[in-house]
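Please find below a colleague's note on the structure shown here.

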Amino acid sequence: MAKEYHYTWTWDLESSPEALWPLVSDTNRFNRDTGLPPMELLSISNGIKLVRFKIPLVQVEWEEEPFEWTYPYRFGILRRYRKGPLAEMRVDCRLERLQPSGTRMVYDVLVKAKNILGDVSIPLAIGIVSARQFETVFKRYDRIASNGGPELVFPKGRALSSNGRSRLQVMRDRLKDQGVDESILNPLYEFLQHADDLSIQRMRPYALADGWGVSRRAVLEAFLYATRVGVLDLYWDLLCPECRGVAEDYARLNDVHASSHCNTCQIDFRVNFDHNVEVIFRPNQSVRAVDATVEFCVGSPQRQPHIAFSLIVPPHEELPFSTMLSEGRYSLRSSHVSGAQILLATQDGVERIDFFANYKGWPTGVTELGLMPTIRLVNETDQPLTVELMRTAWSDQAATAADVTTLQVFRDLFSSEVLRPGEEISVGATTLMFTDLRNSTRMYREIGDAPAFGRVREHFEILEQAVAAEGGSIVKTMGDAIMAAFRSPVSAVRAIWTVQKQIAERGTPPLSLKVGIHHGPCIVVNLNDRLDYFGSTVNITARLPNFSVGGEAILSDAIRNDEDVIEFLEKNAPPNSLTRFQGEIRGYDQSMDLWRIKMQ
């Protein structure tokens, strides 16, 4: 029989379990930091990964079971080796909360030797060397966690060469001349200079903005400018809707398809601009060389942070544990059990709850549970079940393709970045605005072509500035009308509020603008070498200005009932300026509830 070796190491750390978790559970980073070589994923079958790496004189190959974890208290992994000195290794890491603060980390390693080389190497390599390396790395993570989290990981020394620093300084001055604020340029320079390679591989502008304490949109726009001058490169990551890992990675929007495939989950999925297309950035190779293909672990809890726990429950057994949840909706699901149970995590939800998995499927309805619940999973079937609790909302720190493509900065700087002709990609929800100048033909006739064109051009400039200021973009102009896109209803309402006020104050003859705003799903396409939108939401929005007499905006129910719009109108709209009416939309059988808001 193979000889077994069991090691248990314990460290008391100052940070809380939830502060340590993003670093400790990122086994890709941990393996790199403890000196393991890069790994190569050979294949995936039924969730089991076949992986290998090379160490001096020895090739190691193993089958890796899926990780089990419970945020932020425990994770574990089992590996069965095909080649090398080991037969099997099981790792279990537990983070126990200390009172009044801190964490006791207990790290268990159970390893079996396959041959004499294993018997010789395990006590030295794991029992002595790994013990020292693990302690050093975990204590470093503790210091990082105490200083604000893993997005800013600064190793000793500098990552840029002298040429890279010089080039970056020149480009930094160019970005400053283009209006990028130093509150963004300074931390970006430090990040590119000092951050480790794993942090640099997928630079997420919203996550960095949160860490730097600056506007998300300002950082995203700054990154677009930085890409244009050659500091950064922009990539389009297609995320699997199941594991939410990167299924495909493209340097050009033209290469993105409407459908994709995840090798990990072995599923095909449709691409959606506002869910699973994330825009990320890397340093340009002239500034800092980064190999984004190097991996030190092919799976870890931190690769799926939207999953609160993933646990295997043996047949006819139960598993009690505790976890931490953020407020919001979750989906509880399991292998071999149909459907999913919908949960709502709230401050007032139950703190102790049992879930029974059986062949009848999960119960319907919504169950409320607390933010720090104690859970008991009961497997009533004849086979082991993998049970997962998944947050249904996508990460709000992801700068999606929908976010980027509605920015005027993107359309101005990257007008060539379009979908391939004939490709159609869905957007779950977009706010669209159509405007039209009232009686513009009469104005040309009454004051002459040149003065009238000047007034029309002036109104376009007002629109362009107001739309861009609210994070929107002008999709196209049609005569003296425009179509604009925004990520949120209130951005469109604020923009047109500004426009109507400015137009009313500018020159003679006075201009009168008709406006319609609607929110809903649509399709992004390539039309005449630019990104455009199609679908029912577009058709409805385009017809709304017809209900206006000018100096007002026509809002659909989806816009009027938006919480942020309600709050804005309560603070800014004069009394009795908002009226409701029924509108017959050409091409649609039923009338719609519409709202007229007077702005002049």
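The note takes up a hairpin, a helix and a sheet in turn.

1. Basis of the note. The model is predicted: local features need pLDDT of at least 70, side-chain atom pairs count only at pLDDT 80 or more, and totals for chains, interfaces and linings use all residues. Residues are numbered from 1 along each chain as its sequence is written, and side-chain values use heavy atoms, with hydrogens and water left out.

2. Strands β23 (residues 513-527) and β24 (residues 530-534) are paired antiparallel over 5 bridges; pairing requires at least two DSSP bridges. Helices (H or I, at least four residues) and strands (E, at least two) are DSSP runs, numbered from the N terminus. Val525 has Asp532 of β24 as its bridge partner. Between the two strands of this hairpin lie 2 residues, and Asn528 adopts a positive phi near 55°.

3. Helix α14. In α14 (residues 536-543), Thr537, Val538, Ile540 and Thr541 are buried (under 20% relative accessible area, 1.4 Å probe, protein chains only). These residues lie on the same side of α14 because they cover an arc of only 165° around the axis, taken from the directions from the helix axis to the C-beta atoms. The buried residues of α14 pack against β20 (425-437), β22 (481-486), β23, β24 and β27 (592-598), with contact meaning heavy atoms within 4.5 Å.

4. The open sheet. An antiparallel open sheet of 3 strands has the order β10-β9-β13. Its edge strands, β10 (246-250) and β13 (277-283), each pair on one side only. Strand β9 (residues 232-239) and β10 are joined over 4 bridges, and Leu238 stands opposite Glu248 in β10.

Conventions:
Buried means under 20% relative accessible area, exposed over 50%, partly exposed in between (1.4 Å probe, protein chains only).
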